[in-house]
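Please consult the sequence and the model while reading.

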Amino acid sequence: MNPIVKLQGITKDYGQGDIIVHALRGIDITINPGDFTAMAGPSGSGKSTLLNIISGLDRPTSGTVEIENLTINTMSRTELSRLRRDRIGLIFQSYNLIPVLTALENTEYILMLKGMPVKERQDIVRELLKEVGLEGMENRFPRELSGGQQQRVAIARAIASEPALVLADEPTANVDSKTASGLLDLMERLNKEKKITFLFSTHDKNVMARADKLLWLKDGKINDYRTA
Amino acid sequence: MLIRLAWRSIWRNRRRTIITVTSIGFGLAIAIFFICLAEGVYAQLVRDGVRLQSGHITLEHPEYRNAPAIDLFLDRPDSLRAEINTFSDVALTKLVILGQGVAKTGTGSVGVAVMGVEPSVEVLLSPIIKTIISGRYLVDSDNSKIVIGSKLAKRLHLKEGKKLVLTTNDITGALTEDLCRVAGIFETGSEEIDGYIVHAPIRFLRALYNMPEGSATQLGIVLSAPESQNKIKKRVEALIINKHITAYPWQEILPELASYIKLDRGSNLIFQAILIFLILFTIFNTIFMSVLERNREFAMLLAIGTHPALLKYQLLLESFFIGLIGCCAGLIFGGTASYALQAKGFDLANLYTAEGASISGVVLSSVIHARVTPMILLGTSGIVLAATLLLSMVSMKRIDTIQITDTLR
């Protein structure tokens, strides 16, 4: 089986001269299709940096990043942008929806970027919103939705383009435990039914408990590794 | 979808957008109004100037302009005149004799400019007709009747019906004089015109100057559409190619007026440029603030795979909408005010001195009218809109500097 993500010897340093912060110190990870992986660790352990490197938003100081067998280290900004649009879904901690677009339009946006015709994309998005439990809320603006509902829209947006991988940066951090549990149910179901590969960063023990794989980061290194 | 997004985005900060749109509309309305007003005054000055003189295009003996002498006349230009009268955009043509002389009465003598006119043509266009304050203007059957200005009448103690002797040199250089009677007195408010110009029937002056029947020093062409001046001049020049006649545009006949308009238009342009610059500054501020405020949103859009060019296009659309709404408001307010001033005019009489206002010898009517043209309305708005879009490009550069990971942290 070809891995979706393959990291080899990833390091990331910040700063210059005498003041250098080693955010990542040689990370090797392989994520396979269908994995439901959580990445945990204390603040400053390098979780977000690692997610940024995998998504191509940041470049490693050394090491190679492969997404679906494509080395992305040397890709241009435009190529990386296209890769994220087509193959990687992103879910943020604070939802990051466009406030002036409805739930339907927010989800539709990513398909618009791909140049999909209006009718086709709206049909897909309506179905997706139904799947994430937002049927009847398609025309609501983010301010008219609860935190959990907004994160469901963000999840729908992340999976709308049928990406190979969804990267979620602490997706349950801004919602209460009940809502968090509902969001996890949803992502787990999408993982099982649609075979969407998920990689989370999280502080949430519930998320860690429900993940198939758990990567524990500490001081920029993988400190522990567990499979279900 | 992008259009919808851009449209909704400009209304996120409703108050700021309304202030920006209002300032664009207000500034543009002022710019349009003052341009139309200035163009109206210029058009009025040109119209009165050319009607007082010899039209938008003047045909003369080639040497007359350098050394105006009565013997440099056009000999029987009737067939040429008839042909020009058939041109579209030509309102009418007029034959004129311009000469110098001395007006004498028992109380003194004054040097005057004598203008031989065709009364039936002159009544149709001369601004002097409306300024008769005593007696009447000339009619075709008048022979030795003249019309003089109020200042000249005062100097020579003349009234309607009184006589004066007009002395001059004829085309052979011989001294000649004739007795004239004052048919009417006009008062334009211009010292130059009221104290110097004498209108007399052209037949009377031909006889006085010993000129051939049908001759004149000028053949003037008055246009119904002044903008076709160059076109008509070219057509006329084709007719006079071998006739020892030169065609001049009014700008060469009334150079001071042409220079005044050019200078005034230039200074107006600076004023308008400053005004538009101030408007643009407001627009720039709005667009730039709007980009700064949405740094996080733009970072997220870039993160999920939006090409920077698409975000720039969205910003361009937002600027276009703000500019378009502002320009529409400016067009409506500025256009309406200008149309009202064009249709009804505004009487500045109270602001005038007793002498009235004259520019380069052309009296400015106290009632001013604006001149509204699609070019002014659309041109000014177009400049503001185009400048808005250009300015938005400065803000767009901000997109390229967004550090996605730092902004989303």
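## A pair of packed helices

In chain B, the axes of helix α10 (residues 255-293) and helix α12 (residues 308-344) come within 11 Å and cross at roughly 145°. Axes are lines fitted to C-alpha atoms, for helices over the stretch in contact, and angles run from 0 to 180 degrees between N-to-C directions. Helices (H or I, at least four residues) and strands (E, at least two) are DSSP runs, numbered from the N terminus. The crossing of α10(B) with α12(B) is right-handed; a crossing has this hand if the near helix is turned clockwise from the far one by less than a right angle, and is left-handed if anticlockwise.

On α10(B), the contact is formed by B:I283, B:T286, B:I287 and B:V291, and on α12(B) by B:L315, B:S319, B:I322 and B:G323. Two residues are in contact if their C-beta atoms, placed from the backbone, lie within 7 Å. By class, five of these residues are nonpolar, three are polar and none is charged. Ala, Val, Leu, Ile, Met, Phe, Trp, Tyr, Cys and Pro count as nonpolar, Asp, Glu, Lys and Arg as charged, and the others, Gly among them, as polar.

## Basis of the model

This is a predicted model, in which local features need pLDDT of at least 70, side-chain atom pairs count only at pLDDT 80 or more, and totals for chains, interfaces and linings use all residues. Residues are numbered from 1 along each chain as its sequence is written, while chains are lettered from A and ligands numbered from 1 in the order in which they are written.

## A buried isoleucine

B:I84 belongs to helix α3 (residues 78-85) of chain B. B:I84 is buried because 21 other C-beta atoms lie within 10 Å; the term requires 20 or more, whereas 12 or fewer make a residue exposed and values in between partly exposed, with C-beta atoms placed from the backbone. Apart from neighbours within four places in sequence, B:I84 is in contact with B:V90, B:T93, B:I221 and B:V236.

## A covered strand in chain A

Strand β3 (residues 36-40) of chain A has four of its five residues buried. β3(A) runs parallel to strand β8 (residues 197-202) of chain A, joined by five bridges, and A:A40 has A:T202 as its bridge partner in β8(A). Two strands pair if DSSP finds at least two bridges between them.

## Where the chains meet

Between the chains, 15 residues of chain B are in contact with 19 residues of chain A. On the chain B side, α1 (2-10), α11 (295-303) and α14 (404-408) each supply at least two residues.
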